[in-house]
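Visitor: I have a model open and a few things to ask. Can we go through it?
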Amino acid sequence: GKLRLRAGYNHYIYPNNYPTDMLSTGDINGGISWFSHYTGVRANYTYLLGYDEKHAISTDVYAKYKIFNFGAYNYIQIRPKISFYFSSELVEYDKNAYMDPNDIMYVPDYAYKKEFGLQNTSFSLPVNVSYGDFDLELECEYNILRSLDPVIKHNNIWVFGVSLGYIFGIN
């Protein structure tokens, strides 16, 4: 297998009818990959941009199918992958709720704690164009979103992504 480092920028395009005011618009990322002829694994650090700017780590498992070569290091591939995104989220807890002195009204007392865990599993079908040390990915991705707060529920979503990266070969 081979090792390589990649630094990149991703931009996300959501369906017209999806409220994007609380979603990331893109990310800046860096990662390390190990791959063989047909498969690979990757670990990434990501800084999400947009509504909820935050740090995340992710792991990917992917397959590689070359469609077309044009030169020694230039090619077009399809790379189906599954990704797992881990990040932190502020979770609300009802710590000391009580009844008011006249037993008329429930008075909640909320506390907040930053939790870390799995927040997204995605399945994607990217088309990757590599040209020298640069790569461009166009992908359609299905995201299974999770909140670490048990009260908050997210809808799963399809998203289109565009990624531009620079490759640093290790071996």
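Visitor: Where is K114 found?
Guide: K114 is found in strand β10, residues 110–131; strands are DSSP E runs of at least two residues, numbered from the N terminus. This is a predicted model, in which local features need pLDDT of at least 70, side-chain atom pairs count only at pLDDT 80 or more, and totals for chains, interfaces and linings use all residues. Residues are numbered from 1 along each chain as its sequence is written, and side-chain values use heavy atoms, with hydrogens and water left out.

Visitor: Is K114 buried or exposed?
Guide: K114 is exposed, at 60% relative accessible area. Buried means under 20%, exposed over 50%, and partly exposed in between, with a 1.4 Å probe and protein chains only.

Visitor: What is K114 in contact with?
Guide: Leaving aside neighbours within four places in sequence, K114 is in contact with S88, E89 and L90; contact means heavy atoms within 4.5 Å.

Visitor: And how many residues apart in sequence are K114 and V91?
Guide: They are 23 residues apart in sequence, and 6.0 Å apart in space, C-alpha to C-alpha.

Visitor: New topic. Which residues make the largest nonpolar core?
Guide: Seven residues: Y12, Y14, L23, L48, L145, I157 and V159. A nonpolar core is a set of buried Ala, Val, Leu, Ile, Met, Phe, Trp, Tyr and Cys residues joined through side-chain atoms within 4.5 Å.

Visitor: What does L145 contact?
Guide: Beyond its neighbours within four places in sequence, L145 is in contact with Q119, N120, H154, N155, N156 and I157.

Visitor: Last one: where is L164?
Guide: L164 is in strand β12 and counts as partly exposed, at 49% relative accessibility.

Definitions and conventions
Helices (H or I, at least four residues) and strands (E, at least two) are DSSP runs, numbered from the N terminus.
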